[in-house]
Every structure is written in structure tokens, then in C-alpha cells.
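Subject: Structure handover

Hello,

Please find the structure below, with notes on what was found in it.

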Protein chains: 2
Amino acid sequence: MRSHFCGLIDESLIGQTVTLCGWADVARNMGGLVFIDLRDHEGIVQIVAEPSDVAGNAEVLAVAAQIGYEDALCVTGIVRKRESVNNKIRTGQVEVVATKIEVVNKAEPLPFHHHENPGEDVRLKYRYLDLRAPEMQRKMRTRTKLVATLRRYLDERGFQDIETPILTKATPEGARDFLVPARMHPGEFYALPQSPQLFKQILMMAGFDRYYQIARCFRDEALRADRQLEFTQLDMEFAWVDEKIVQDTVEEMIREVFKEVIDVELVNPFPRMTYAEAMRRYGSDKPDLRIALELVDVAELVKGSEFKVFTDAANDADGRVVALRIPGGASLSRKQIDEYAAHAAKYGAKGLAYVKLDEAGAINSPIAKFFAEDAFQALLAAIGLKNGDIAFFGAGAYNKVSDFMGALRLKAGKDFGLIAAGWAPLWVTDFPMFEWDEEEQRYVALHHPFTAPAVDSIDDLRANAKAAVSRGYDMVLNGNEIGGGSIRIHSSKMQSAVFELLGIDAEEAQAKFGFLLDALKYGAPPHGGIAFGIDRIAALMAGSESIRDVIAFPKTTGAQCLMTGAPSEVPDKQLAEVHVRVRKE
Amino acid sequence: MRSHFCGLIDESLIGQTVTLCGWADVARNMGGLVFIDLRDHEGIVQIVAEPSDVAGNAEVLAVAAQIGYEDALCVTGIVRKRESVNNKIRTGQVEVVATKIEVVNKAEPLPFHHHENPGEDVRLKYRYLDLRAPEMQRKMRTRTKLVATLRRYLDERGFQDIETPILTKATPEGARDFLVPARMHPGEFYALPQSPQLFKQILMMAGFDRYYQIARCFRDEALRADRQLEFTQLDMEFAWVDEKIVQDTVEEMIREVFKEVIDVELVNPFPRMTYAEAMRRYGSDKPDLRIALELVDVAELVKGSEFKVFTDAANDADGRVVALRIPGGASLSRKQIDEYAAHAAKYGAKGLAYVKLDEAGAINSPIAKFFAEDAFQALLAAIGLKNGDIAFFGAGAYNKVSDFMGALRLKAGKDFGLIAAGWAPLWVTDFPMFEWDEEEQRYVALHHPFTAPAVDSIDDLRANAKAAVSRGYDMVLNGNEIGGGSIRIHSSKMQSAVFELLGIDAEEAQAKFGFLLDALKYGAPPHGGIAFGIDRIAALMAGSESIRDVIAFPKTTGAQCLMTGAPSEVPDKQLAEVHVRVRKE
């Protein structure tokens with residue numbers, strides 16, 4: 001239908017006749033002429049309909065005068081040099097003088113135009129109009145390019161793209177499963193996979209050597225700010241490997257892909273940090289290294305104080321007392337400090353002690369009175385507090401204090417413009433094997449129950465489960481966990497022992513994971529892998545805050561598709577066919 | 001862990017030390033030596049553990065003597081020229097003399113070895129053992145290569161890979177939906193997509209220009225012999241096109257991909273045939289052109305007979321009388337002819353008339369008596385019956401006769417070895433827009449309700465719906481419909497008219513497809529596309545009868561995964577969370 005794309009018309013075409021197809025971005029009448037910005041996925045070019053003595057122009061002008069926003073047009077015309085150059089667009093040196101304009105599909109009055117922002121709900125309802133915006137097209141193209149580049153990289157290196165089932169077995173470990181009633185098996189259900197974890201491990205046991213899949217995964221969780229019910233991961237698994245091979249391979253891949261897709265050179269090699277170090281220095285297992293702030297442990301310096309909150313934590317083996325210095329933070333008002341306290345409270349803080357040193361060096365701190373003068377000065381010196389700074393303190397259980405102080409660090413980084421430009425990747429390693437779940441009074445797996453422990457002996461693991469370190473690793477970028485993986489257990493006996501430590505008895509293990517325990521018995525090779533969050537990486541590359549910008553048809557935090565109206569009621573007849581009925585509480 | 005792959009060891013490595021990882025395919029003791037066939041995904045190499053005076057060999061031999069089927073091993077050794085060359089394997093010129101054998105994971109006694117075929121149920125239960133077979137590895141690699149090649153082809157040509165939702169809206173058109181209860185919306189359900197049809201059309205309206213996706217699709221249908229609940233299609237859509245652009249583009253793609261993946265040159269261009277011609281000549285809308293047999297219409301020649309079955313059909317405007325000549329078919333016994341009649345009956349035949357001409361030219365036919373001698377001879381001449389042939393006759397309603405005679409043609413082709421070697425692709429075009437559904441007493445769409453009619457005028461379509469031809473097209477290969485597509489309706493008014501003709505009233509249309517009808521109003525471009533069945537194409541390329549051979553974890557015809565045990569019962573607590581209960585009839 002067309003000879004060229006709108007956005008690619010340039011001076012090399014001057015004098016030529018072209019046919020273009022696209023949408024009327026803007027149409028305006030000026031001095032008897034009509035100017036139309038014609039837009040396709042490549043960009044915009046200016047069309048002119050002008051009155052002249054040449055036969056036929058009157059007709060073109062009459063059509064052009066009726067053009068409205070988003071009419072679908074096919075335009076034939078002659079490319080010429082533009083009088084008033086527009087340097088904002090690629091085609092700004094030229095314009096097309098129309099000899100024929102066909103209105104292929106006249107648009108009715110629009111609910112909104114993508115030049116406006118009518119709010120996300122309206123944008124999602126009319127997603128097809130929203131996606132026409134050049135900025136949205138750019139973001140979606142970034143995602144496409146990311147995925148294509150990853151695939152090419154892996155295809156060239158012998159990784160085999162293998163699809164695993166979407167209709168699979170319910171495995172109540174981890175997040176909540178989506179269930180699908182099985183019509184042919186009354187009372188039974190398939191589940192949608194939370195990840196292809198077990199299938200990819202089975203593939204290694206099935207003799208495949210290097211696997212990948214851009215896999216859709218499903219988690220029926222409360223939708224926090226930027227989560228989706230379904231999401232996409234680059235899922236990878238390697239046979240006959242240790243963690244070094246996996247990490248080196250995928251680090252190189254990520255570096256190449258950033259270079260190719262957005263022309264960014266990531267540091268080589270990525271910094272590495274243990275989980276313990278990350279928690280200690282940054283209060284996070286996914287530290288944003290673009291923020292130079294670090295936590296300072298001060299337990300030893302507060303033991304002599306009379307502030308019970310501090311002394312209790314300082315004298316508890318599982319406690320922590322820590323300070324976060326914010327340069328220039330003395331400017332915070334009482335109200336702003338309260339906001340920091342409220343933010344910390346969301347992560348479990350019960351209060352938030354602080355010390356301000358104003359520009360003149362005067363101390364303002366509700367806790368100074370609990371310290372001897374010289375002890376307090378020693379504390380401030382240890383923190384490195386300077387005139388104009390503030391320091392916040394956290395005291396209590398180690399993990400909780402780390403969490404809320406880590407959260408304050410991020411907030412301070414943002415509020416005070418302390419986030420350096422650029423990209424800060426790193427590896428976090430040596431995660432604890434287990435976490436103690438207070439509510440359920442049992443261990444839970446920090447990665448997942450298939451992660452190998454660093455020790456080979458089952459007895460050693462049992463004897464020291466609390467301190468056991470796993471062979472898991474995360475790739476972190478700018479404070480986001482973009483990839484997580486591990487070397488897996490490849491011994492059936494070790495897998496059973498880990499299930500047992502997680503409170504899954506032999507019968508339950510057999511019912512849920514029997515096929516895995518079986519498969520491990522028949523010569524399972526050592527194996528490991530990783531999974532990357534494609535939505536998040538694409539959003540980072542596209543410079544988007546929200547992953548919804550790089551998903552064509554996302555759902556709302558209310559788990560709805562505003563365009564199609566999913567989910568929806570279905571006739572009872574359809575439910576009867578799959579042997580369920582709606583439950584009314 | 002390894003220096004080389006087992007299957008790639010060759011004479012260039014003679015004298016070198018290599019480390020290999022893999023599985024013991026076979027181990028045998030011979031004359032004080034132990035030979036192990038070590039297998040990885042690349043193939044097999046022979047390992048030798050030999051006694052000699054060199055220190056340490058005794059230890060290697062002791063380990064080797066204990067090796068069993070499918071033990072996971074890492075072997076270090078020196079490559080040397082093999083005494084008894086084995087030309088059946090790529091590495092057959094060499095062997096590796098082991099200096100170290102590590103049993104990484106000892107296999108327990110196996111339920112079966114892939115050298116045996118214990119039946120598909122056992123193979124599927126222990127799929128990880130089944131997939132280790134070199135033949136299964138080869139088939140799965142063919143699929144991987146097919147998909148990678150398609151993607152690269154499309155990426156290079158500016159097609160954008162865009163993911164569409166798996167959790168979407170129930171649309172009761174077509175096959176039965178899988179339903180997913182929505183936890184956050186009590187009493188409501190998501191549905192799994194039968195295809196991304198509407199999403200890809202919406203993408204064109206959203207300003208994307210060329211789309212593709214290797215998409216998982218779901219149909220809750222009775223599993224006929226070679227169907228799966230979930231299947232994979234290459235889904236494509238083009239904006240601003242007519243059928244020629246779509247067909248030329250994808251025909252070229254398929255030709256290139258066959259060349260690259262399995263080194264087959266498909267004819268250029270593909271033959272083209274209308275639906276009417278395909279039904280007339282082959283009794284099928286997906287004719288297998290490798291079989292030279294054609295149906296011969298004989299209504300005019302039987303009108304004068306006294307065989308009422310023939311004369312009724314011959315005098316009915318919607319009737320058909322047709323013959324199928326099978327060269328050499330006179331050898332069929334009475335019992336075999338009954339089998340043909342039974343086969344035809346499956347497709348709706350009520351009986352099966354025939355005429356045999358034996359090698360001596362004697363006629364054997366139950367219907368000869370209804371004909372005058374010369375009329376019968378004229379009939380046989382028209383059919384081209386020769387000594388040694390048989391001809392079957394079909395008479396009745398046009399479509400039914402075509403169906404069962406088409407089925408007989410395929411059976412005869414197979415039984416008599418009349419399927420030519422090679423590949424026979426073609427396009428089938430000009431499908432009817434609608435089919436009359438006797439049961440529901442309404443029109444149904446032959447492709448789907450979004451397919452554009454060949455006429456532009458709504459009035460013309462309404463006036464002549466029965467004879468209306470659509471802009472749909474199928475790509476057929478060796479009797480399989482491997483791709484189906486169409487130019488779509490891009491006018492909201494035409495779409496509403498088609499819904500109406502299909503018996504979907506305005507209210508229902510708005511409830512189910514309101515977002516499509518809306519989107520068509522805001523400048524929808526002309527668009528069209530196609531979808532290819534990846535599982536089937538991969539099976540054809542791999543030389544497999546069953547698509548299950550090119551799916552890593554297929555379900556049985558009973559809709560079960562024998563490995564994981566899906567589907568399964570789930571605790572009532574989990575059902576309560578998603579607001580459903582099991583319905584007991």
C-alpha cells in the first residue's frame with residue numbers, strides 16, 4: 001500500500017513521489033493551506049495540501065480540510081525541501097506535497113489523544129490509542145530489542161530454547177498458584193507455573209546441556225505497586241557446571257546486551273558482595289550502589305549509654321545498632337523527620353532516633369541526653385557527622401534494623417539527589433540457606449527448596465542449619481534484583497534432607513515432588529541456572545519507572561484488564577462443564 | 001567440569017588429554033578391559049579402562065567395573081586411534097583411555113532404558129529418561145532450530161515480538177475456554193487465550209506495523225489423536241496490507257526455514273487452489289498433493305441409471321456423485337472393501353458402491369445392474385478405470401460426500417504406497433465466509449468472525465451470505481493445515497454486520513467484543529495476518545508422526561501429565577481462597 005515509512009522520509013527523496021500510510025497526528029489550516037502531521041511507527045512527516053493552478057489540487061485540499069485526529073490515511077505526494085525546518089523531528093528538513101489523500105478509516109471523536117495524559121485508567125481502557133504515542137512505541141521497541149538480542153546471544157552459544165507447560169501441577173510452596181479446573185478430571189485442577197524451575201531442572205536430567213526460555217510465569221499475589229499477575233523471565237539452566245561458569249556466562253551476556261540495546265558499558269567484572277556484607281553496609285540484599293551512603297555499626301559505642309533501646313540491642317547477639325549519615329540532612333524540618341520515621345515504621349521501626357549538626361555545629365538530638373559528652377562526640381566522630389548533616393539511628397533485631405535503615409538509605413538518596421548517574425550492577429552471593437519463619441515456626445528457604453547448600457554433607461547441614469549458606473546468587477542493578485539463581489541440589493538424599501528441614505515430611509514430599517526425587521536417582525548431573533526479570537530489565541533500559549510501560553496489555557493493581565474487562569462472570573453452564581461452582585461466603 | 005563434548009571427540013585430538021561428562025550408555029567387560037559408551041547431548045564416545053603396568057590403572061579399572069546404565073560420570077583420559085573402527089557413530093575412529101573416572105551420580109536400577117520402548121505411558125512418566133535417547137534429542141533440537149530460525153528471519157525484517165496476555169477474557173466463540181478463578185474478584189474468571197487473535201489485531205490499531213509472537217494457545221477440546229490442551233503457534237499480523245503481501249512474505253519465510261533447518265527446497269511459488277477446487281478434486285480443504293489420485297465427478301453420467309442413491313444426489317443442486325479410482329485396487333478383498341466402507345462411514349457415508357476391473361478385464365460391481373451396458377462402460381471410461389483397478393463411489397450432500405471420499409483418498413494413498421516422496425505445499429484460498437450449522441440453525445464462521453469478506457458492501461454481504469467468500473487463506477503441507485490466516489475486518493460497521501449474521505446480537509457483541517468494536521472506530525488500519533502451528537511443523541521436519549515427540553512435556557490424550565501427575569486435587573482451603581468449590585453431580 002505504501003512506498004516508504006513516514007518517519008524515514010529524508011532529503012535523499014526530494015523530487016520523488018512517495019505513498020505513505022499512517023495516522024493524522026495533527027491537522028491545521030493556515031493561510032489557505034492544510035498541514036497534516038502524518039505518523040507511523042517510524043515517526044512523523046509533514047504533509048501539505050496546497051491550492052494552486054494545477055488541476056486536481058482543489059480536490060486534495062477539500063479532503064485535507066476534513067481530516068481529524070487519528071484518521072487513518074494513505075497519502076501520495078512529492079517530497080520537497082521544507083521552508084521552515086523543524087529540527088525536533090528526523091524528517092524536519094522535508095515535507096510531502098499531497099497529490100492524493102485517501103481517508104482509509106475516519107476516526108470518530110477520540111476519548112483522548114496521546115498528546116494528553118488523561119490518567120492511567122483511561123490510558124489502559126483505550127490502550128490501542130495510548131500505545132500509538134511515539135514514546136510508548138519507543139519503550140515497546142526497547143523491550144523487543146532486548147528480547148531479540150538475548151535470544152540471538154543465546155542461540156549463537158548453543159543454548160536450546162525449550163518450552164515447558166503452562167498447565168501444570170499445583171505446588172503449594174512459595175506464592176499462591178492460579179488454578180484451572182480440569183474438565184476431563186472432575187474435582188481436579190491444573191496450576192499455572194510460578195516459574196519453570198522444576199521443568200528446567202528435569203531438562204538437565206533429561207540430557208539437555210544448556211537451556212533457556214523466555215517464559216511466562218504466574219503468581220497470584222497481592223499486587224504491590226509494580227507487580228503483575230503474569231510476568232516474563234529469561235529462564236536459564238546449565239548442566240555440569242559450578243556457579244562460576246553460570247555467573248561468568250550471564251554476566252558477559254548482560255554486559256553485551258546493555259551495550260547492544262542501549263549502548264551502555266557496564267563495569268567489567270561486576271563487583272561481588274556477600275549477603276552478609278550487603279546487609280551490613282546497605283541494609284539490603286539488593287543494594288543500590290549508585291548511592292554512596294553506608295550504614296555504620298555503632299553497637300560498641302552505645303553500650304555505655306543510658307538509652308535502653310540502644311543498650312538492649314547492643315548487648316543482644318542477634319541485635320544491631322546502626323547509624324546512617326545523610327550529608328546536608330540537617331536541613332530536614334521536624335515534619336520531614338517525622339516522614340522519615342513513618343517511612344521506617346512501614347518496615348518495622350518503632351521509632352527513629354537522630355542527631356542533627358547544624359551549619360554552626362550545634363547539636364540537636366533527642367538522645368544526646370543519654371550519653372556522656374565525650375561518648376557522644378566519639379559516636380558522632382565514628383559516624384563521620386559534619387556540620388549540616390543528620391544521622392538516623394536504628395536499633396533492634398538485626399534483620400529488621402537492616403531492613404528499615406536500608407529503606408531510609410534509599411529515601412535519603414532520592415530526597416537529597418544522592419543517586420549518581422549511570423549503572424551499578426553487582427553480584428550478591430552466600431545467601432543464608434534458611435530463614436526462620438516466626439509465624440509458622442519453621443524454616444523457609446531463602447531462595448527456593450531446590451537450592452544446593454554450600455556444604456556437601458547432610459549431617460553438617462542438619463547440625464548447623466541456621467548458619468548454613470546456600471549456593472544461591474542474585475544479580476542486582478541499580479537497587480533492583482534483576483536476576484536470581486543457584487546451583488541446585490542434584491542428590492535425591494540431600495533434596496529429601498532439605499525438604500525435611502523445611503518441615504515437609506516424606507509423604508508430603510513424595511506427593512508434591514515425587515517426580516523430582518525420582519529423577520534425581522537416575523544419574524542427575526550437577527546443574528544450576530538463573531532467571532532474569534525481563535519486564536524490569538526492559539523498564540530500566542527504557543527509562544521507565546513502571547513495568548506497565550513495557551507490557552502491551554498490563555493489568556491494574558486491581559488485577560483487571562481495563563480494555564477487555566477481564567476477569568468477568570461466566571455462565572453457570574460453563575462452570576458446570578468444568579465441575580466447579582461459585583462459592584458464596 | 002569438562003574440556004570437550006563426548007560426541008565431538010575426533011582424530012584431531014589424538015594424543016591429547018580430555019575431560020568428558022555424560023552418562024554411561026553401555027558398559028561391558030571384555031578380556032579384562034572395561035568399555036564404556038559415554039553419552040552427552042552431542043553423541044557417544046568409547047571410553048576404555050585397561051589394566052597395564054602403569055601405576056593407577058588398577059584403580060580406574062576397579063571404578064569402571066562398577067559402572068551401570070545411566071550413571072553420571074566425569075572421565076579424564078587420553079584420545080587414541082581406535083583399533084576396531086565403528087562407522088555408525090561420529091567418534092567411531094577414536095576412543096579415550098581413561099586415567100580417571102569419577103562417578104558423579106550413581107543411577108539406581110532404571111524403570112527402563114531408552115534402548116527399549118516400554119510403551120508411551122512409561123516413557124511419559126519417566127520423561128527425563130526418555131528424552132535422553134539420541135533420537136529424542138535430535139527431534140527436540142529440530143524444534144529448537146525451527147523456532148530460532150523463524151525468529152531470526154522475522155527479527156531481521158523488522159517484525160516486533162510482542163507478548164500478549166495469558167490471563168484474559170472469556171470469549172465463548174470457538175472452542176471451549178480454560179477458566180481461572182480470580183481471587184481478587186469473587187465469582188469472576190480469567191480465561192486462557194485460544195489464540196492472541198484479538199490482541200494482535202488491537203496491536204495493529206495501536207500503531208505497530210509488523211508483529212509476531214511464538215504464542216502459547218489453549219483449547220479445552222476433546223483430545224483427538226494428536227492434539228494437546230496447550231499448543232504453540234507462530235502468530236503474525238501486518239498493518240496496511242492486502243493478502244498478497246502477507247502470503248508472499250510468509251511463503252518466502254517458510255521456504256527459507258525449510259532450507260535452513262532441514263535442507264529441503266520447497267517449490268517456488270507454492271501452487272494455489274481455491275477451496276472449491278480443493279473440495280472438488282481432493283475432497284479436502286487441506287489436500288495432500290503427494291497423492292496423485294483425484295475425485296471424478298460423474299453426476300451427469302449416472303442420471304440415467306436406476307440406482308436411486310445416485311440419481312437423487314445427481315438431481316439435487318446441493319448433491320454430488322463422485323468416483324475415486326485406485327490403481328491396482330482390484331486386489332482388495334471383500335473384507336478389505338468392507339474396511340474402506342467402515343472408514344467412509346466414520347465421515348458420514350451410508351454405504352460404499354464400487355466397481356472392480358480384474359486383471360483380465362472382468363467387472364465386479366454391485367451397481368452394474370442398475371446401468372445399461374453402454375452407460376456403464378461410459379462411466380468407467382470417464383473414471384479412467386483400467387484392468388486391475390477399483391473405483392469407489394460416493395453420492396449424497398456435496399460436503400459430506402467430499403469429506404468421506406477425501407478420507408478414502410488418503411487411506412488409499414497410504415495403503416497402496418501412492419504417497420510420493422518429498423514435500424507438497426500449497427495455498428488454499430477463497431473459503432466460504434459462513435457455514436450453515438444444522439444443529440444450531442445458524443451461520444458459523446468458517447475461519448473466525450473477524451475475517452473480512454471479499455465484498456466491501458455490507459448490503460451485498462447480507463444479500464448473499466450463503467455464497468459469500470472470505471479473504472481467508474490456509475497454507476497446507478503434505479495434507480496438514482500448517483498455517484491459517486486472513487485479511488481482517490477493519491470497519492466497525494462491517495464487524496457488527498458479521499456478528500449479526502452469525503446470530504450474535506448487538507448487546508452480546510458489545511459485552512464480548514465491545515473493546516474491538518470501539519477500537520475499530522478510531523482509525524483502524526487495514527490489516528491481516530496468519531498463524532502457523534509450530535508443533536506440527538516441527539513434527540513434520542523431524543519426521544515424526546506425533547507432535548508429542550517435539551514437545552518436552554506433553555500431556556496424554558487423557559489430558560494428564562504422567563510425570564508430574566497434573567491435574568490433581570487441591571485442598572479445599574485453596575479453593576475457598578479463589579471463591580469456588582467442586583461441583584458434585
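A salt bridge here is a side-chain nitrogen of Lys or Arg within 4 Å of a carboxyl oxygen of Asp or Glu. By that count there are twelve salt bridges between chain B and chain A.

This is a predicted model, in which local features need pLDDT of at least 70 and side-chain atom pairs count only at pLDDT 80 or more, while totals for chains, interfaces and linings use all residues. Residues are numbered from 1 along each chain as its sequence is written, chains are lettered from A and ligands numbered from 1 in the order in which they are written, and side-chain values use heavy atoms, with hydrogens and water left out.

The interface

Contact (heavy atoms within 4.5 Å) involves 119 residues of chain B and 118 residues of chain A. The buried area, meaning the accessible area (1.4 Å probe) that two parts lose on being put together, summed over both, is about 10800 Å² between chain B and chain A. Carbon and sulfur atoms give 60% of that area. B:W240, B:Y522 and B:R583 supply 9% of the area that chain B buries against chain A, more than any other three residues. One salt bridge joins B:R176 to A:E577, with the closest N and O atoms 3.0 Å apart.

Salt bridges overall

Over all chains, the structure holds 106 salt bridges. One of them pairs A:R90 with A:E42, where the closest N and O atoms are 3.9 Å apart. These two residues sit in distant parts of the chain, 48 residues apart: A:R90 is in the loop between β4 (72–81) and β5 (94–105) of chain A, and A:E42 in the loop between β2 (33–40) and β3 (43–49) of chain A. Helices (H or I, at least four residues) and strands (E, at least two) are DSSP runs, numbered from the N terminus.

Helix packing

Axes are lines fitted to C-alpha atoms, for helices over the stretch in contact, and angles run from 0 to 180 degrees between N-to-C directions. Angles under 35 degrees count as roughly parallel, over 145 as roughly antiparallel, 65 to 115 as roughly perpendicular and the rest as oblique. A crossing is left-handed if the near helix is turned anticlockwise from the far one by less than a right angle, and right-handed if clockwise. For residue classes, Ala, Val, Leu, Ile, Met, Phe, Trp, Tyr, Cys and Pro count as nonpolar, Asp, Glu, Lys and Arg as charged, and the others, Gly among them, as polar.

In chain A, helix α5 (residues 197–205) and helix α15 (residues 506–519) cross at roughly 20°, and their axes come within 10 Å. α5(A) and α15(A) are therefore roughly parallel to each other, and the crossing is left-handed. A:L198, A:Q201, A:I202 and A:M205 of α5(A) meet A:F513, A:F515, A:L516 and A:A519 of α15(A). That contact has seven nonpolar residues, one polar and no charged.

Also in chain A, helix α10 (residues 334–346) packs against helix α12 (residues 398–415) at an angle of about 140°, with the axes 9 Å apart. The angle makes α10(A) and α12(A) oblique to each other, and α10(A) passes α12(A) in a right-handed crossing. From α10(A) the contact uses A:E339, A:Y340, A:H343 and A:A344, and from α12(A) residues including A:F404, A:L408 and A:K411. The classes here are six nonpolar, one polar and three charged.

In chain B, helix α4 (residues 134–156) and helix α6 (residues 243–262) pack at about 135°, with axes 10 Å apart. α4(B) and α6(B) are therefore oblique, and their crossing is right-handed. Residues that meet include B:K145 and B:R152 in α4(B) and B:E252 and B:E256 in α6(B). The contact divides into eight nonpolar, three polar and five charged residues.

Backbone points

The peptide bond from A:N268 to A:P269 is cis, with omega near -5°; A:P269 lies in the loop between α6 (243–262) and β11 (272–274) of chain A. In chain B, the bond from B:A566 to B:P567 is cis, with omega near -5°, and B:P567 is in the loop between α16 (534–542) and α17 (572–577).

Regards
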